[in-house]
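Here are some notes to read alongside the model, written for someone meeting it for the first time. Take them in order, with the structure open beside you.

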Amino acid sequence: MATDTIKEAGSAISGSVQVVEFVLGDETFAIDLFDVREVVEYTRISALPNSPSYIKGIIDLRGEITTIIDLKERLNIMRNTDRREDESRIIVLDENITRKKVGIMVDDVLSVSTFEMNQVDRTGAADTDDDSCILGIIKKKTRVKDKDLTDLIIWIDIRQLLGEMMKE
């Protein structure tokens, strides 16, 4: 994986990266904070005929038609049957990277976090077959009942993922 790609993402040049953490199924993912415009609650989505299965549909977001991408469908992540769709969140992406109004549907948004680049493992991402949209694995240290735990967060390059979708 090219170091240039990592440096382009957010403020990684300064040795840290700011990300939006979110849940898809049973896993935690992150995208660069600077690729996000806002997070909105689920609203009714109108289906679009003859569109790829990962295009959930469109919504009217304050008068602007916004295309919604089902990220679980796009990344082939198993659906969590315990979670209702109307409990989902929509991460609206920065129009500068998408060239049109686009949002991604996720199960939940957890937080905005800053990680040092030494917490990002880029070698683990290279082991996957389709690693073109994975920037790295963030190792988030947590402490639960006097035990140190490491949560793994899959940091994806939403720009690369959207670029691949536009080619299909």
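1. Let us start with charged pairs. A salt bridge here is a side-chain nitrogen of Lys or Arg within 4 Å of a carboxyl oxygen of Asp or Glu. By this rule the count comes to 11 salt bridges.

2. A word on the ground rules. This is a predicted model, where local features need pLDDT of at least 70, side-chain atom pairs count only at pLDDT 80 or more, and totals for chains, interfaces and linings use all residues. Residues are numbered from 1 along each chain as its sequence is written, and side-chain values use heavy atoms, with hydrogens and water left out.

3. Look next at R159 and D35, which form a salt bridge with the closest N and O atoms 2.9 Å apart. Because R159 lies in helix α4 and D35 in the loop between β2 and β3, this pair ties together parts that are 124 residues apart in sequence. Helices (H or I, at least four residues) and strands (E, at least two) are DSSP runs, numbered from the N terminus. R159 is partly exposed at 44% relative accessibility, whereas D35 is buried at 4%. Buried means under 20% relative accessible area, exposed over 50%, and partly exposed in between (1.4 Å probe, protein chains only).

4. A salt bridge also joins the side chains of R62 and E38 (2.3 Å, N to O). R62 sits in the loop between β4 and β5 and E38 in strand β3, so the pair ties together parts 24 residues apart in sequence. R62 counts as exposed, at 60% relative accessibility.

5. Which residues does the salt bridge of D107 and K72 bring together, and are they buried or exposed? Their side chains meet at 2.9 Å, N to O, linking the loop between β7 and β8 with helix α2, 35 residues apart. D107 is buried at 4% relative accessible area, and K72 is buried at 7%. Elsewhere, salt bridges that share partners join R37, E38, R62, E64, E95 and K101 into one network.

6. S88 lies in the loop between α2 (71-74) and β6 (89-93) and is buried at 4% relative accessibility.

7. Now the open sheet: its 5 strands have the order β3-β6-β7-β5-β4, with mixed pairing. Two strands pair if DSSP finds at least two bridges between them. The edge strands, β3 (36-41) and β4 (55-61), each pair on one side only. Strands β5 (64-70) and β7 (102-106) are parallel, with 4 bridges, and I69 has I104 as its bridge partner in β7.

8. Strand β1 (residues 16-24) is largely enclosed by the rest of the structure, because 8 of its 9 residues are buried. F22 stands opposite F29 in β2.

9. Finally, the largest nonpolar core has 24 residues, and those with the most contacts inside it are F22, I31, L71, I91, L93, I104 and I158. Such a core is a set of buried Ala, Val, Leu, Ile, Met, Phe, Trp, Tyr and Cys residues joined through side-chain atoms within 4.5 Å. A second, separate core of 10 residues includes V19, A30, I138 and I153.
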